[in-house]
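Me: I'd like to learn how to read charged pairs and surface patches in a model like this one. Can you walk me through it?

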Amino acid sequence: MFKAEAGDNYVIFNGPDEQFISGRVIGAEERFWEAHKNYLDVHLMLHGTEQIDLNFIHNMKLKEFVQKDDFLPMNGEKNSSVILRNGDFLICYPSDGHRTAVAVGESQKIKKAIFKVRIS
């Protein structure tokens with residue numbers, strides 16, 4: 001069963017194990033940090049350019065884990081960044097804090113798929 005969620009700059013279609021996102025990348029200061037305990041995230045860029053900021057969760061200030069969403073919010077600074085272009089992918093493990101949808105230069109629309117791979 002698929003479910004759609006929409007905001008001002010994005011649309012997310014949630015399936016059992018994947019999300020297809022059409023949205024707009026924006027400034028890093030407007031984005032949030034996250035990690036997951038039970039799933040790997042596989043980010044696959046379909047169209048556009050996106051920066052994903054990274055840091056290990058042990059370097060971050062962790063907030064309360066939301067079990068039902070497998071969502072670990074956090075605050076901190078980036079240690080590195082990856083730029084995804086058409087066809088590129090990135091795998092984020094539970095130890096990888098990540099901040100997605102960061103613009104490279106000017107804001108632009110992107111399309112990507114995020115596959116959730118259960119590991120526990």
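Reply: One cut-off to start: a residue is buried under 20% relative accessible area, exposed over 50%, and partly exposed in between. Aspartate 69, at 46%, therefore counts as partly exposed. Keep in mind that this is a predicted model.

Me: Which residue does aspartate 69 form a salt bridge with?

Reply: The general idea is that side chains of opposite charge can pair when their charged atoms come close. Here the partner is lysine 68, with the closest N and O atoms 3.3 Å apart. Lysine 68 is exposed, at 73% relative accessibility.

Me: How many salt bridges does a search of the whole structure find?

Reply: Four. Among them is aspartate 41 with lysine 116, whose closest N and O atoms are 2.7 Å apart. That pair links distant parts of the chain, 75 residues apart: aspartate 41 sits in strand S5 and lysine 116 in strand S12.

Me: Is aspartate 41 buried or exposed?

Reply: Buried, because its relative accessible area is 2%. Lysine 116 has 22%, so call that one partly exposed.

Me: What about arginine 99 and aspartate 53?

Reply: Their side chains meet in a salt bridge too, at 2.8 Å from N to O. Arginine 99 is in strand S11 and aspartate 53 in strand S6, 46 residues apart. Arginine 99 is buried at 12%, and aspartate 53 is buried at 1%.

Me: Which residues form a nonpolar patch on the surface?

Reply: Phe89, Ile91 and Tyr93, with about 310 Å² of accessible area together. Phenylalanine 89 lies in strand S10 and is exposed, at 53% relative accessible area.

Technical notes: Residues are numbered from 1 along each chain as its sequence is written. This is a predicted model: local features need pLDDT of at least 70, side-chain atom pairs count only at pLDDT 80 or more; totals for chains, interfaces and linings use all residues. Side-chain values use heavy atoms; hydrogens and water are left out. Patches are made of residues with over 30% relative accessible area and no salt bridge: like charges are joined within 9 Å, nonpolar side chains (Val, Leu, Ile, Met, Phe, Trp, Tyr) within 5 Å. Accessible areas come from the Shrake-Rupley method with a 1.4 Å probe; for residues, only the protein chains shown count as cover. Helices (H or I, at least four residues) and strands (E, at least two) are DSSP runs, numbered from the N terminus. Buried means under 20% relative accessible area, exposed over 50%, partly exposed in between (1.4 Å probe, protein chains only).
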